[in-house]
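Good morning, colleagues. Please take a moment with the sequence and the structure on the screen, and then I shall go through the charged pairs, the sheet and a pair of helices.

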Amino acid sequence: MIEGLNIRCNVGPVQVLRSPFIELVSRRRAVVSRATVVIPDPEGEVRAALAVKQAVTVRFGYRGETGFWHEWAGTVESIGQPGANAPDADAVTVQAVGQEKALTTTMVTESFYREPADVVARRLLARTGLAVGTVDVPGDVLPYQVFSGVSVARAVRQLAGTLERSFGHDMSRHALWLGASGLTWSAGDEPGDVYSVATAENLLDHTPPLTPEGVGVVLSVPLPGLVHSRLVHIRDTRRGVDATVRALDVVHTFQEGGNGTAITYGKDTGWL
């Protein structure tokens with residue numbers, strides 16, 4: 001039985017008991033997920049306790065729904081304080097980045113001789129210290145591959161370029177993300193049950209794509225656990241849509257005016 005939405009958030013040593021705005025963003029075309037947390041701070045005590053690189057966790061779900069929770073973890077990237085005359089002058093805004101930030105900060109200087117591309121990819125991803133999950137790339141043997149002082153994310157992109165230019169593979173739909181099983185580099189979906197967004201159940205608004213090459217956006221009540229690359233079944237009786245789509249962008253927003261999950265779907269441009 002669903003009894004209500006429960007949201008828990010910690011930023012560094014601060015337990016956020018009340019927030020006018022929390023947002024979690026995951027995009028297939030971006031390597032790093034992001035979070036924004038606004039924390040009331042009328043006395044300035046919160047700002048004094050916060051620092052860049054402190055841990056951030058956001059957890060939300062429905063009370064009474066065992067195992068139906070969403071957990072996000074990352075670190076503080078920046079701390080903003082509005083001007084004295086701003087409407088939210090007594091609050092601080094924390095911008096945080098997900099654990100997959102290690103893909104952009106871990107540097108690689110290494111050469112590989114006659115190694116399969118998928119083996120090279122796994123070794124690159126393992127350099128981040130994060131678990132490595134699905135690596136769905138061709139296993140062509142690379143005569144010689146050199147990475148010189150580049151981030152792991154850049155090295156993976158360089159490897160994709162080699163597979164395209166030297167072996168003729170289409171890597172345009174491949175994306176790189178941190179999934180449930182670890183770092184994933186694949187043109188496929190994130191494994192898991194198909195989410196449902198339906199009229200008269202949880203659908204709040206829907207703007208379908210205007211063209212086959214366009215994108216659509218559907219808004220639902222909060223959907224814990226949903227991230228980009230998961231499959232979503234949309235049943236919109238008003239607009240005549242009944243389709244299973246891949247979530248390209250997922251934005252969970254919790255604010256005083258209402259909570260919701262926005263899902264973008266349509267033309268997949270892969271990892272930009």
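I begin with the salt bridges, of which the count comes to 15. Please keep in mind throughout that this is a predicted model. Side chains of opposite charge can pair when their charged atoms come close.

Let us look at Asp268. Which residue forms a salt bridge with Asp268 at 3.3 Å between the closest N and O atoms? The partner is Arg28, with the closest N and O atoms 3.3 Å apart. This pair links distant parts of the chain, since Asp268 lies in the segment after strand 19 (258–266) and Arg28 in the loop between strand 3 and strand 4, 240 residues apart. Are the two residues buried or exposed? Asp268 has a relative accessible area of 12%, under the 20% limit, and is therefore buried. Arg28 is buried as well, with a relative accessible area of 1%.

Asp268 also forms a salt bridge with Arg246, and here the closest N and O atoms are 2.4 Å apart. Arg246 is buried, at a relative accessible area of 15%. Through shared partners, salt bridges join Arg28, Arg173, Asp189, Arg246 and Asp268 into one network.

For contrast, I turn to another pair. Arg123 forms a salt bridge with Glu115, their closest N and O atoms being 3.6 Å apart. Arg123 is partly exposed, with a relative accessible area of 39%, and Glu115 is partly exposed at 23%.

I now move to the strands. Strands of a sheet pair through backbone hydrogen bonds, either parallel or antiparallel. In this model, 11 strands form an open sheet in the order 2-1-5-6-7-4-3-18-19-15-14, with antiparallel pairing. Which strands lie at the edges? They are strand 2 (14–16) and strand 14 (203–207), each of which pairs on one side only. On average, neighbouring strands of the sheet are turned by 20° against each other, direction ignored.

Within that order, strand 3 (residues 21–27) and strand 4 (residues 34–40) run antiparallel and are joined by 5 bridges. Val25 has Arg34 of strand 4 as its bridge partner.

Strand 16 (residues 231–236) and strand 17 (residues 241–246) pair in the antiparallel sense over 6 bridges. Asp236 stands opposite Val241 of strand 17.

Finally, the helices. Two packed helices are described by the angle between their axes and the distance between the axes. Helix 3 (residues 117–126) and helix 4 (residues 152–167) pack at an angle of about 170°, and their axes are 10 Å apart. An angle over 145 degrees counts as roughly antiparallel, and helix 3 and helix 4 are therefore roughly antiparallel to each other. Helix 3 contributes Ala117, Val120, Ala121, Leu124 and Leu125 to the contact, while helix 4 contributes Val152, Ala155, Val156, Leu159 and Leu163. What is the make-up of this contact by class? The contact of helix 3 with helix 4 has 10 nonpolar residues, no polar and no charged ones.

Thank you for your attention.

Conventions
Residues numbered from 1 in each chain as written. Predicted model: local features only at pLDDT ≥ 70, side-chain atom pairs only at ≥ 80, totals over all residues. Heavy atoms only, no water. Axes fitted to C-alpha atoms, helices over the stretch in contact; angles between N-to-C directions. Helix = DSSP H or I, 4+ residues; strand = E, 2+ residues; numbered from the N terminus. Parallel < 35°, antiparallel > 145°, perpendicular 65-115°, else oblique. Contact = heavy atoms within 4.5 Å. Nonpolar A, V, L, I, M, F, W, Y, C, P; charged D, E, K, R; others polar. Pairing = 2+ DSSP bridges. Salt bridge = Lys/Arg side-chain N within 4 Å of Asp/Glu carboxyl O. Buried < 20%, exposed > 50% of the residue type's maximum accessible area, 1.4 Å probe, protein only.
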